[in-house]
Amino acid sequence: MNAAAAIDPYAEIERLRAEVEALRQRAEAAEAAADHDVLTPALNRRGFIASMKSAMAFCLRHDVPAVLLYLDLDGFKSVNDRLGHAAGDAALVHVAQMMRANLRESDAVGRLGGDEFGLLMLNAGLEEGREKARRLAEALEKAPFEWEGLSAGLGGSFGVRALAGHTDPEVWLAEADAAMWVRKKAR
């Protein structure tokens, strides 16, 4: 009897099925990693934009309000300068965790780059967004970042923009970013 005839075709089919399933799981993990920030428990810019596109289409189709908050950390540069880059990384993780803890499961948090974050809230209008920004700014100031026994204060400047017929997420982000800069300069 040759070796080819000794192979059980059913066992081979099961082995191939298991291999295909393992490859599918690896592909899903790779896709999820492509949309998540490598440092923080937040979406990366690519993932956040994708989440915005989906939410915008849903909101426009079903007439659901949404609001976008754009956060630029205040005091982050001093964390890096005073405590080092490892502390800066830990501060970004701290901020992302704090934001996720203070948002609903249906809301999205994304790290847009450096020390800037986006927060997308569905079923919320401009006033809810402003109130959420106020509460998050308070939470940032009340819970100073701790690193190896040293404390560093972090604050945040928020720009808030309601969805107003936007069809391009980059335009909506740019408006929220501009609103953030107006607030930052007013401080």
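Me: Which is E148, buried or exposed, and what is its relative accessible area?
Reply: In this predicted model, E148 counts as exposed. The classes are buried (under 20% relative accessible area), exposed (over 50%) and partly exposed in between, with a 1.4 Å probe and protein chains only. E148 falls in the exposed class because its relative accessible area is 71%.

Me: What phi does E148 have, and where is E148 placed?
Reply: E148 is not a glycine, yet its phi is positive, near 50°. Helices (H or I, at least four residues) and strands (E, at least two) are DSSP runs, numbered from the N terminus. By that numbering, E148 sits in the loop between β4 and β5 (150–152).

Me: Which element of the chain has the lowest mean pLDDT?
Reply: Residues are numbered from 1 along each chain as its sequence is written. Local features need pLDDT of at least 70 and side-chain atom pairs 80 or more, while totals for chains, interfaces and linings use all residues; side-chain values use heavy atoms, without hydrogens and water. pLDDT is the predictor's confidence per residue, from 0 to 100, and the chain averages 90. Strand β3 (residues 116–122) has the highest mean, 97, and the lowest, 60, belongs to helix α1 (residues 3–6).

Me: Which residues beyond four places in sequence does W147 touch?
Reply: W147 lies in strand β4 (residues 145–147). At 22% relative accessibility, W147 is partly exposed. Contact means heavy atoms within 4.5 Å. By that cut-off, W147 touches L83, A86, A87 and A90.

Me: At what angle do the axes of α4 and α5 cross?
Reply: Packed helices are described by the angle and the distance between their axes. Axes are lines fitted to C-alpha atoms over the stretch in contact, with angles from 0 to 180 degrees between N-to-C directions. Here F76, V79, N80 and L83 in α4 meet H85, A87, G88, A91 and L92 in α5. The axes come within 6 Å and cross at roughly 145°.

Me: With which side chain does the side chain of R111 make a polar contact?
Reply: R111 lies in strand β2 (residues 108–113). R111 counts as buried because its relative accessibility is 15%. A polar contact is a pair of N or O atoms within 3.5 Å; within protein, one must be able to donate a hydrogen and the other to accept it, and sequence-adjacent residues count only if both atoms are side-chain atoms. At 3.3 Å, the partner of R111 is D37.
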